[in-house]
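My notes follow the order in which I checked them.

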Amino acid sequence: MAATDMAEAEEPAKSSKKPLIIGAALALVLGGGAFFALYSGLILGGDPTDETAAGTHGGPGKAAESGPLDVAFVPIEKMIISLGPESASRHLRFEAQLEVTPAYQEDVTLLMPRVLDVLNSYLRAVDMAELEDPTTLITLRAQMLRRVQLVTGNGRVRDLLITEFVLN
């Protein structure tokens, strides 16, 4: 009898797999719920008035309810910025266009002297090494866009499109 008691003591107790199954099911449900909340925009979501999030764009080939092209462009006149004497290049030729909401096209055009001033001031302050680095154009564009948006007001300028950026 002592031998059977020893055999029972050496055999480990069997654990239940019930908590493992419940944990896995709970993880799937919570993961699916989190995916849905992120995908639908409930968490970290975009603008609730965004047409693509609301599904009002109608699909490929169909125009949105607000019109086929809800965009206007305001040209920025060509600027020639003189660079410092220590630079290999002497001048920067810069030309761009502002992508604006059509309702604000006239307002942005009226503010063009301020836009030119802020762009000219910024481009003169940029270090020459940054201007000569081709990968910096993306950063410069973002910085210029942010400054233009501050001058023109929130929601008026959507993008800054650089059409000419030449060092000579």
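I began with T152 and, leaving aside its neighbours within four places in sequence, found it in contact (heavy atoms within 4.5 Å) with V108, L111, V115 and V157. T152 lies in helix α7 (helices are DSSP runs of H or I, at least four residues, and strands are runs of E, at least two, numbered from the N terminus). At 4% relative accessibility T152 counts as buried, where buried means under 20% relative accessible area, exposed over 50% and partly exposed in between, with a 1.4 Å probe and protein chains only.

I note that this is a predicted model, in which local features need pLDDT of at least 70 and side-chain atom pairs count only at pLDDT 80 or more, while totals for chains, interfaces and linings use all residues. Residues are numbered from 1 along each chain as its sequence is written, and side-chain values use heavy atoms, with hydrogens and water left out.

Next I looked up M144, which, again leaving aside neighbours within four places in sequence, is in contact with F94, L119, Y122, L123, L160 and I162.

I then turned to L38, found in helix α2 (residues 18–40), and noted that L38 is partly exposed, with a relative accessible area of 48%. After α2 comes G41, whose phi is positive, near 90 degrees.
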